Amino acid sequence: MTLRRRHNAEETLFLRFRATGDPDAMAAVYDLTSIGLLRVARSMAADPATAEDLLQQTYLRAIEHAARYDPRRPLFPWLIAILHNEARSARRMVARRRERDGVESHPQRAAGDPSTLVTHS
């Protein structure tokens, strides 16, 4: 016997968005998950603007790749994985830019600059 996992509100709404493209369903997913995801993003970024950029990119990727979401699994950890991947991509982009430009470090960074991401070893 296979047990079916019961979906919570944001998962049900995301599945509706995935099936129909309903923007109201996606807006509701954002309303239900953004505070928690922003907390995670702030732990990955050195400033609030960079965290908000990561959050925005996370939702854009979730929309673009909605078909990849596995409804047998919880939605929030899937969104966190996307957020983590976005942060990692941003760090790689900054490292490539620095390597290309021959720059080791920037003493002053603008808010929202991906190079202000906190690196976790």
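Modeller: Let us start from one side chain in this predicted model: Arg 61 has a relative accessibility of 27% and counts as partly exposed.

Biologist: With which residue in helix α4 does Arg 61 in helix α3 form a pair that links distant parts of the chain?

Modeller: The side chain of Arg 61 takes part in a salt bridge with an N to O distance of 2.9 Å. The pair joins helix α3 to helix α4, and its two members lie 25 residues apart. The partner of Arg 61 in helix α4 is Glu 86.

Biologist: Is Glu 86 buried or exposed?

Modeller: The relative accessible area of Glu 86 is 12%. A residue counts as buried under 20%. Glu 86 is therefore buried.

Biologist: Which residues are linked in a network of salt bridges?

Modeller: The linked residues are Arg 61, Glu 64 and Glu 86.

Biologist: How are α3 and α4 oriented to each other?

Modeller: The axes of helix α3 (residues 48-64) and helix α4 (residues 75-101) come within 9 Å and cross at roughly 120°. Angles of 65 to 115 degrees would count as roughly perpendicular, and those over 145 as roughly antiparallel. The crossing of α3 and α4 is right-handed. The two helices are therefore oblique to each other.

Biologist: How many nonpolar residues does the contact of α3 with α4 have?

Modeller: In α3, the residues in contact include Leu 54, Leu 55 and Ala 62, and they meet residues of α4 including Trp 78, Ile 82 and Ala 87. By class, the contact of α3 with α4 has two polar residues and two charged ones, and its nonpolar residues number eight.

Biologist: How many salt bridges does a search of the whole structure find?

Modeller: Besides the network of Arg 61, Glu 64 and Glu 86, the side chains of Asp 101 and Arg 100 meet in a salt bridge (3.1 Å, N to O). Asp 101 is partly exposed at 44% relative accessibility, whereas Arg 100 is exposed at 63%. For the whole structure, the number of salt bridges found is six.

How values were computed. Residues are numbered from 1 along each chain as its sequence is written. This is a predicted model: local features need pLDDT of at least 70, side-chain atom pairs count only at pLDDT 80 or more; totals for chains, interfaces and linings use all residues. Side-chain values use heavy atoms; hydrogens and water are left out. Axes are lines fitted to C-alpha atoms, for helices over the stretch in contact, and angles run from 0 to 180 degrees between N-to-C directions. Helices (H or I, at least four residues) and strands (E, at least two) are DSSP runs, numbered from the N terminus. Angles under 35 degrees count as roughly parallel, over 145 as roughly antiparallel, 65 to 115 as roughly perpendicular and the rest as oblique. A crossing is left-handed if the near helix is turned anticlockwise from the far one by less than a right angle, and right-handed if clockwise. Contact means heavy atoms within 4.5 Å. Ala, Val, Leu, Ile, Met, Phe, Trp, Tyr, Cys and Pro count as nonpolar, Asp, Glu, Lys and Arg as charged, and the others, Gly among them, as polar. A salt bridge is a side-chain nitrogen of Lys or Arg within 4 Å of a carboxyl oxygen of Asp or Glu. Buried means under 20% relative accessible area, exposed over 50%, partly exposed in between (1.4 Å probe, protein chains only).
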